[in-house]
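Me: I would like to go through a structure with you, beginning with the fold and then turning to the charged side chains. Could you take my questions one at a time?

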Amino acid sequence: IGCSVIFPFTIRANIVTSSLVLVMAFCQSSQSATGTGVQLFDLSRCSKAGARFDYKKLVWFNHEYILSKSDEDIARLFEPMLRERGINEEFERIVKVVSLMKGRVNFVHELWDTCCYFFQAPESYDEKSLKKWWKEPAVSNTYVSELCDFIENAPVFAGAEIEPLIMEWIASKEWAVGKVMNAFRVTLVGAAVGPHIFELTDFIGKEETLRRVRRALEVLPKE
């Protein structure tokens with residue numbers, strides 16, 4: 001038993017073709033080869049109404065398709081988008097970013113907006129994030145500037161090693177972890193979004209981490 005699908009419309013998003021293949025493959029299961037599909041076929045289970053285009057379902061299928069592909073496969077699709085923006089990153093590092101972020105997108109083209117801060121420093125800062133995590137500029141500046149000094153002078157930098165040191169340091173200051181770390185995140189990302197913050201710092205390195213923080217301290221409100 002075959003399965004033919006007709007789309008009398010244009011799909012406006014870049015649905016990956018393989019997503020549709022996954023749907024159609026369901027209709028052409030191994031049962032058909034043995035004749036079992038013929039026995040299972042039942043017109044009473046067919047809807048009398050016209051077929052409906054469920055865009056949300058296609059988006060879901062595309063998300064599942066992305067998750068089913070290897071990080072390397074998705075990285076090969078993402079790499080040209082980086083090249084177009086003048087970013088010549090090592091393939092292994094692109095794979096690393098994809099492994100962290102592909103679960104957050106429905107389409108490959110969304111990866112850039114979702115994780116551009118891995119490859120370049122923020123040029124602006126999200127107003128909504130600033131209102132929430134930089135609403136007391138003097139306090140936020142104190143949090144981040146002292147954290148910057150702590151990171152610069154710490155004997156280690158790898159996330160797994162420095163994270164407990166930073167948590168202990170924040171506790172000694174009797175500061176709220178969320179307020180400190182989200183203000184720190186805004187300086188690195190430009191918004192209160194992204195993966196675990198130490199996965200980002202591990203990727204961009206100590207020098208770039210400190211550079212981004214210092215630039216943010218220069219341009220963000222101080223009072």
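Predicted model: local features only at pLDDT ≥ 70, side-chain atom pairs only at ≥ 80, totals over all residues.

Me: What does the secondary structure of the chain come to?
Reply: The chain has 12 helices and zero strands.

Me: And how much of the chain is buried?
Reply: Of its 223 residues, 38% count as buried. The chain exposes about 13600 Å², with carbon and sulfur atoms supplying 52% of that area.

Me: How many salt bridges does a search of the whole structure find?
Reply: The search finds nine salt bridges. One of them joins the side chains of Lys102 and Asp71, at 3.0 Å from N to O. Lys102 is in the loop between helix H6 and helix H7, whereas Asp71 is in helix H5, 31 residues apart.

Me: Is Lys102 buried or exposed?
Reply: Lys102 is buried because its relative accessible area is 10%, under the 20% cut-off. Asp71 is partly exposed, at 21%.

Me: Which residue does Glu146 meet in a salt bridge?
Reply: Glu146 meets Lys173, at 2.8 Å from N to O. Glu146 lies in helix H9 and Lys173 in helix H10, so the pair ties together parts that are 27 residues apart in sequence.

Me: What about Arg83 and Glu79?
Reply: Their side chains form a salt bridge at 2.5 Å, N to O. Both residues lie in helix H5, four residues apart, about one turn of the helix.

Me: Changing topic, which residues form the positive surface patch?
Reply: The patch is formed by Lys128, Lys132, Lys135 and Lys179. Lys128 lies in helix H8 and is exposed, with a relative accessible area of 70%.

Notes. Residues numbered from 1 in each chain as written. Heavy atoms only, no water. Helix = DSSP H or I, 4+ residues; strand = E, 2+ residues; numbered from the N terminus. Buried < 20%, exposed > 50% of the residue type's maximum accessible area, 1.4 Å probe, protein only. Areas by Shrake-Rupley, 256 points an atom, 1.4 Å probe, with all protein chains shown as cover. Patch = residues over 30% accessible without salt bridge, like charges linked within 9 Å, V, L, I, M, F, W, Y side chains within 5 Å. Salt bridge = Lys/Arg side-chain N within 4 Å of Asp/Glu carboxyl O. Lys, Arg positive; Asp, Glu negative; His and termini not counted. Charge placed at Lys NZ, Arg CZ, Asp CG, Glu CD.
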